[in-house]
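Biologist: Hello, and thanks for sitting down with me. Could you take me through the pockets, and then through the place where the chains meet?

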Amino acid sequence: MQPAMTTPDPDRLLAELGELVARFAPPGAKLERSTELTSDLSIDSVAAMDLVMEIEDRYGIDVPVNEIADLVTLGDLVDLVARQLGARG
Amino acid sequence: MDIFDKYGTLAQRRAQLLATGIDPFQLEIEDLAGPCEATIRGRRTILLGTNNYLGLTFDPVCIEAGVEALRRYGTGTTGSRIANGTYAGHRALEAELAAFMGRRAAIVFTTGYQANLATIAGLAGAKDTIFVDSDWHASIFDGCLLSGAKVVRFRHNDPEDLDRRLERNPTPGGCRLIVVEGLYSMFGDVARLSEIVAVKKKHGAFLLLDEAHSFGVFGRRGRGVAEELGVEGEVDFIVGTFSKSLGGIGGFAVSDHPRFELLRVAARPYMFTASPGPATIASVRAALAQIAARPELRARLWETARTLHAGLVRLGFVLAAPPGPILSIRLPDERSAVFAWTSLLESGVYVNLALPPGTPGGACLLRCSVSAAHTAEHLEIVLDRFASLAAALARPVAAE
């Protein structure tokens with residue numbers, strides 16, 4: 001597991017998460033805050049849970065499954081991870 | 001906007017499958033000739049994907065028990081367990097299941113799906129955290145969501161990952177419940193239960209084990225993987241189904257917890273549905289007695305599983321797990337999986353086609369399940385058809 005960040009910079013977090021999301025997205029897909037996970041990147045609900053598990057390992061956090069269903073955009077994902085990192089302190 | 005618009009991707013994939021001429025997920029079985037043979041699309045077909053592990057669906061004792069109950073008690077209970085749906089048979093089956101599993105109490109549910117839904121949602125609440133294996137069955141997923149608890153997934157069959165996540169989620173003011181399956185239904189791999197139990201004890205969590213596919217199949221008495229691995233005393237709740245080894249429909253949960261019966265007034269999927277019909281209860285009671293009295297059924301199942309596994313490996317197929325009641329063959333992509341499934345069906349062998357998103361890790365699988373009722377002749381035919389399939393898959397046209 002990589003060292004976790006405690007006070008995430010949103011831009012840096014977007015860039016880092018973009019790298020992880022790219023593994024689940026079609027090659028060359030645009031990865032911005034407004035990018036929609038399902039319609040733009042074809043990341044279905046099952047793939048989203050696998051993606052979140054990669055993110056959990058990267059940052060040493062646990063994202064409740066209940067919150068994954070609410071994710072629409074990459075920005076939502078960034079905000080969710082930022083909240084979890086912030087909650088952990 | 002149409003209300004079905006949200007299923008755009010799903011509809012597209014379904015249309016592609018239907019274009020092959022057969023819908024693998026709505027296949028009609030026109031007639032049956034025992035537990036392992038059916039007529040499908042007008043052709044006699046060997047069934048190798050029914051989860052009918054002990055072949056008891058056509059056991060004469062079970063059939064007679066069902067017929068007698070049908071005549072004596074009627075076609076249905078027309079009521080829930082908390083109203084007019086508790087008959088003497090329901091109570092008797094619960095007592096027999098508790099005795100068979102060596103537990104203080106058992107509760108019977110109308111389906112296996114509801115057994116998980118009711119037990120998980122009844123046990124866990126808003127202040128609790130559920131730690132669940134990432135290869136969860138839909139009934140476990142739905143039960144977790146229904147509970148209102150915080151749900152944390154851990155990597156499939158990975159006690160070390162479970163340990164880390166329990167460490168990170170102490171859950172002050174609530175309880176922690178671990179949910180795993182004994183035998184995983186897609187790949188056919190067995191839970192690392194001894195190590196999971198050690199993690200559970202370290203953190204003081206509760207453990208729920210779903211033995212849907214392992215009940216009647218694993219363990220000296222057929223109680224499941226917990227018995228096989230000698231850890232029954234550390235498993236707080238076991239859930240099972242009637243629709244596999246017991247050859248019926250319904251489910252159960254057992255426990256030694258002194259307050260377990262509170263689920264009867266707390267678990268909504270138990271309370272607000274009609275109870276299992278009398279014929280089902282009677283045939284399941286008879287099947288349970290058969291499992292207890294005829295250990296040779298399990299021996300035959302395992303012998304068949306080992307023979308088929310070895311034969312498939314010899315033909316060059318990649319199996320997802322060691323020999324067991326579920327033998328899953330990995331195929332490289334959806335197209336070859338659909339081709340293989342269709343080819344087998346057209347040659348008189350039915351297996352399950354398992355595709356993403358219903359499979360872990362996006363795997364494309366031909367899922368076979370073995371039965372104690374499969375004969376040597378069945379196996380010979382099946383392996384012959386798989387040999388033809390292996391040759392077809394090796395040809396460039398099939399692989400392109």
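Modeller: Happy to, and please keep in mind that this is a predicted model.

Biologist: Which element gives the largest share of the lining of the second largest pocket?

Modeller: By class, this lining holds 11 nonpolar, eight polar and seven charged residues. Its largest share is six residues, and they come from helix 2 of chain A.

Biologist: What is the phi of B:Asn51?

Modeller: Look in the loop between strand 3 (43–47) and helix 2 (60–73) of chain B, where B:Asn51 is found. Most residues other than glycine have a negative phi. B:Asn51 is not a glycine, yet its phi is positive, at about 60°.

Biologist: Now the largest pocket: which residues lie nearest its centre?

Modeller: The largest pocket has a volume of about 940 Å³. Elements giving two or more residues to its lining are helix 2 (45–59) and helix 3 (65–68) of chain A, with helix 1 (8–18) and helix 5 (138–147) of chain B. Among the 32 lining residues, those nearest the centre are A:Thr38, A:Ile43, A:Asp44, A:Ser45 and A:Val46.

Biologist: How many residues of the lining of the largest pocket come from helix 2 of chain A?

Modeller: Sorted by class, the lining has 17 nonpolar, 10 polar and five charged residues. Helix 2 of chain A gives the largest share of it, and that share is six residues.

Biologist: On to the interface: which residues of chain A lose the most area to chain B?

Modeller: In the contact, 16 residues of chain A meet 17 residues of chain B. About 1400 Å² is buried between the two chains, with carbon and sulfur atoms giving 50% of it. Together, 40% of what the chain A side buries comes from A:Met53, A:Asp62 and A:Val65.

Biologist: How many salt bridges are there between chain A and chain B?

Modeller: Side chains of opposite charge can pair when their charged atoms come close. Over all chains, the whole structure has 35 salt bridges. Between chain A and chain B, the count is seven.

Biologist: Which residue of chain B forms a salt bridge with A:Glu54?

Modeller: The closest N and O atoms of this pair are 3.3 Å apart, and the cut-off for a salt bridge is 4 Å. The partner of A:Glu54 is B:Arg155.

Biologist: And how many residue pairs are in polar contact across the interface of chain A and chain B?

Modeller: Both residues of a pair must have pLDDT 80 or more to be counted here. With that rule, the interface has 12 residue pairs in polar contact.

Biologist: Which element supplies the largest share of the side of chain A that touches chain B?

Modeller: That side divides into eight nonpolar, two polar and six charged residues. Helix 2 and helix 3 of chain A each supply at least two of its residues. The largest share, seven residues, belongs to helix 2 of chain A.

Methods
Residues are numbered from 1 along each chain as its sequence is written. Chains are lettered from A and ligands numbered from 1 in the order in which they are written. This is a predicted model: local features need pLDDT of at least 70, side-chain atom pairs count only at pLDDT 80 or more; totals for chains, interfaces and linings use all residues. Side-chain values use heavy atoms; hydrogens and water are left out. On a 1 Å grid over the protein atoms alone, a cavity is a set of points where a 1.4 Å probe fits but cannot get out, and a pocket is an open set with protein on both sides within 12 Å along at least five of seven lines; lining residues have an atom within 4 Å of a point. Grid points are joined across faces, edges and corners, and a volume is the space filled by probe spheres set on the points. Helices (H or I, at least four residues) and strands (E, at least two) are DSSP runs, numbered from the N terminus. Ala, Val, Leu, Ile, Met, Phe, Trp, Tyr, Cys and Pro count as nonpolar, Asp, Glu, Lys and Arg as charged, and the others, Gly among them, as polar. Contact means heavy atoms within 4.5 Å. Buried area is the accessible area (1.4 Å probe) that two parts lose on being put together, summed over both. A salt bridge is a side-chain nitrogen of Lys or Arg within 4 Å of a carboxyl oxygen of Asp or Glu. A polar contact is a pair of N or O atoms within 3.5 Å; within protein, one must be able to donate a hydrogen and the other to accept it, and residues adjacent in sequence count only if both atoms are side-chain atoms.
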